[in-house]
Amino acid sequence: MITVRYIEPDLTERVVQVQPGQTLMQAAVNNRVRGIVAECGGACMCATCHVYVEESHVDRLKAVDATEDEMLEAVESERQDNSRLSCQIKATPEIDGIVVRIAPVQV
Amino acid sequence: MEEQIVVIGAGHAGISLSACLREEGYEGRIWVIGAEEATPYHRPPLSKEFMTSAQDSPRTLRDEHFYRDNDIDLMLGETVNEVDLERRRVVVGDGREIRFGRLAIATGASPRRLALAGDALEGVCYLRNVGDAAAIRARLGEAEHVVVIGGGFLGLEVAATLGSLGHSVTVFEAGRTLMGRAVSPEVASHFLRRHREWGVDVVLDDAPESFVKRGGALAGVTTSRGRSISATTAIIGVGVTPETRLAERAGLRCRDGIEVDASMRAGADWVVAAGDCARFPRAGGRDRVRIESVQNASDQARTAAASLLGRPAPFSAVPWFWSSQRDERLQIAGLIDGPTESVVRGHVGSGRFSVFRFRGDRLVAVDSVNRPGEHIVARKLLRAGRSPTREQAGDPEFELKGLISS
């Protein structure tokens with residue numbers, strides 16, 4: 001299992017053990033982490049799973065593709081260098097212990 | 001009696017509704033009764049990834065532990081035979097009664113049947129649930145010829161997917177354009193061009209008139225314009241009808257959907273309906289509408305859950321839709337209920353553009369093709385009730401985001 005620390009919009013910290021291969025969006029929805037809406041279920045269509053990834057883990061993630069990049073440009077909570085859509089982040093051993101802060105407003 | 005809420009239907013709406021009840025602090029018992037055996041799952045991939053994969057089960061809406069952790073009792077593979085509002089109970093298949101204090105109906109919709117003789121032949125397929133998708137996948141060999149009846153979202157997604165698997169596909173659409181009134185003419189012709197480039201034989205303005213039989217199985221299709229096509233598989237996607245039988249028999253008002261008020265309540269403040277089966281008064285709309293989409297199901301579920309918990313608020317979410325066909329991403333914000341004028345942003349020929357649809361000076365919908373960022377901005381514009389001018393909409397250099405005050 002991969003350990004993921006979510007920081008909810010009200011700053012509550014939630015530690016979740018995630019099955020490898022699940023996305024951080026799926027794990028959030030399955031574990032009632034608040035602040036992630038994820039209407040499209042991971043099809044990268046809705047932009048309602050915006051998170052900020054702790055800097056030290058940013059480089060371990062697969063790069064942002066063109067679709068995710070365009071959607072992040074349009075999200076409501078300010079896009080920062082560490083902004084990602086959590087449906088595009090798969091839990092792998094390389095990111096064990098990752099910390100993600102959930103954007104306060106989704107779309 | 002212990003407080004109990006029964007949710008009929010374990011699709012997107014029913015599952016979201018039960019999750020929302022817990023999020024909103026409801027602590028009584030929750031039953032979710034679903035007709036299918038499978039752990040509740042995402043429907044959109046059935047016409048796409050699921051069809052190309054070898055997976056036995058589709059992607060689930062929630063892991064199984066979610067239901068245990070949240071004390072949600074799933075009764076799967078179970079049909080509800082009767083809803084008795086007077087005695088507040090439902091009767092399920094084996095005759096068992098489940099009593100409730102409050103009730104949510106999220107029974108969804110079923111494929112509209114084609115009114116043609118031979119509809120029940122082996123090889124004539126409908127696609128709504130995982131069993132349907134698995135059956136289509138299993139019956140197709142290699143490089144077959146498949147007929148798809150209906151050029152809407154579902155038919156085109158299936159055509160694109162089967163084409164990518166090496167099958168040759170003929171799509172029959174009775175109308176003159178693909179995807180009917182759901183999309184702008186620019187988007188319809190873009191997708192027509194793409195499908196033809198992919199080798200899909202798209203036939204407009206023609207419809208099957210009869211099925212050709214060999215033994216008990218399908219051998220082909222003949223059309224009203226006299227075409228004749230051999231195929232052992234036909235997949236029908238000509239829309240859905242809402243599942244309202246139980247609600248009707250229970251005495252609820254139904255007319256192409258269960259009629260609900262602006263907070264999704266059906267006749268009483270302890271009965272709600274949500275999703276594909278519900279017909280609701282749209283903010284600013286003339287008449288009640290019924291919307292078939294994942295977004296509508298999950299947003300209405302939230303409103304319906306709040307109503308059941310005594311906190312009714314009018315439903316006001318901006319409708320949005322998506323379809324993916326091979327690598328083409330179509331996202332639509334807003335709902336069209338009459339003629340519109342199009343302003344194209346970007347170039348249709350480039351394959352990346354949005355069509356801003358106006359009625360007078362008011363923006364009513366935006367269709368985006370491979371323009372995900374513009375789609376998100378469009379949703380925000382519609383939610384804020386802001387309309388760009390036509391010049392602004394058509395000028396890719398103009399920053400639309402600036403029109404939305406934060």
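Over all chains, the structure holds four aromatic pairs, where rings of Phe, Tyr and Trp (its six-membered ring) pair if their centres lie within 6.5 Å, with planes under 30 degrees apart counted as stacked, over 60 as edge-to-face and the rest as tilted. B:Phe66 and B:Tyr67 form an edge-to-face pair, because their ring centres are 5.5 Å apart and their planes stand at 90 degrees.

A word on the basis: this is a predicted model, in which local features need pLDDT of at least 70 and side-chain atom pairs count only at pLDDT 80 or more, while totals for chains, interfaces and linings use all residues. Residues are numbered from 1 along each chain as its sequence is written, chains are lettered from A in the order in which they are written, and side-chain values use heavy atoms, with hydrogens and water left out.

| Residue | Relative accessibility | Class |
|---|---|---|
| B:Phe66 | 2% | buried |
| B:Tyr67 | 4% | buried |
| A:Thr23 | 10% | buried |

Let's turn to the interface. Chain B brings 32 residues into contact with 23 residues of chain A, contact meaning heavy atoms within 4.5 Å. About 2,300 Å² is buried between chain B and chain A, and carbon and sulfur atoms give 49% of that area; buried area is the accessible area (1.4 Å probe) that two parts lose on being put together, summed over both.

The rule finds three salt bridges across this interface, each a side-chain nitrogen of Lys or Arg within 4 Å of a carboxyl oxygen of Asp or Glu. One salt bridge joins the side chains of A:Glu70 and B:Arg352, at 2.9 Å from N to O. Elements giving two or more residues to the side of chain B that touches chain A include α1 (12-23), α3 (64-69) and α9 (372-384) of chain B; helices (H or I, at least four residues) and strands (E, at least two) are DSSP runs, numbered from the N terminus. Of the elements, α9(B) gives the most to that side, with eight residues.

Two further sites round out the picture. A:Thr23 sits in the loop between β2 (13-18) and α1 (24-30) of chain A. Not counting residues up to four places away in sequence, A:Thr23 touches A:Ser86, A:Cys87, A:Ile89 and A:Lys90. In chain B, B:Lys213 lies in strand β13 (residues 208-214). Leaving aside neighbours within four places in sequence, B:Lys213 is in contact with B:Gly118, B:Leu121 and B:Ala219.

Conventions:
Buried means under 20% relative accessible area, exposed over 50%, partly exposed in between (1.4 Å probe, protein chains only).
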